[in-house]
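Hello,

Here is the model I promised to pass on to you.

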Amino acid sequence: MAETAEPQTQQTDDSRHAARAERRATKLARQIGAFSRAHGGAEGQLAYIGEMGTRIVLVGEDGGWGDLVAPSYAVAESAARKAGLTLHETFDGEFAAKVRTGPYEWSRMAGIQVGGPSNG
């Protein structure tokens, strides 16, 4: 009897996990859409960041940029697809050249690299 109950429990757990992933992808897609509307459109790149999940790097048509973190690569792909986000394989070349940074970003990068302003 216990043998038949175990697969059903596994199916229930799988269903819950799939539903949770779908909700997260939908929420991320809404956030991607909001970013895209605020920046005149957007493109993206997915970067696996280990146990933390997958980083969704967003670059707007106006050069604005940002990122989101999805719990898995599959959720990130689903969110990008739902949002209609054009994805790039790598973050280099013409895609990277679209990013516009300001004094704040340069100050933060200098602080990290060569003892510039504090990051705190």
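This is a predicted model: local features need pLDDT of at least 70, side-chain atom pairs count only at pLDDT 80 or more; totals for chains, interfaces and linings use all residues.

Residues are numbered from 1 along each chain as its sequence is written, and side-chain values use heavy atoms, with hydrogens and water left out.

The sheet is open and has four strands, in the order E3-E2-E1-E4, with mixed pairing. Strands (E, at least two residues) are DSSP runs numbered from the N terminus, and two of them pair if DSSP finds at least two bridges between them. E3 and E4 (86-88) are the edge strands, each with a single partner, so one side of each has no neighbour in the sheet.

E1 (residues 42-48) and E2 run antiparallel, joined by seven bridges; Ala 47 has Arg 55 in E2 as its bridge partner. E2 (residues 54-60) is also antiparallel to E3, over six bridges, and there Leu 58 is partnered by Gly 66 of E3. Four residues separate E2 from E3 in this hairpin, and Gly 63 in the turn has a positive phi of about 95°.

On to the rings: there is one aromatic pair (centres within 6.5 Å; planes under 30 degrees apart are stacked, over 60 edge-to-face, the rest tilted). The ring centres of Phe 91 and Phe 95 lie 5.1 Å apart with planes at 80°, so this pair is edge-to-face.

Best wishes

Terms used: Rings of Phe, Tyr and Trp (its six-membered ring) pair if their centres lie within 6.5 Å; planes under 30 degrees apart count as stacked, over 60 as edge-to-face and the rest as tilted.
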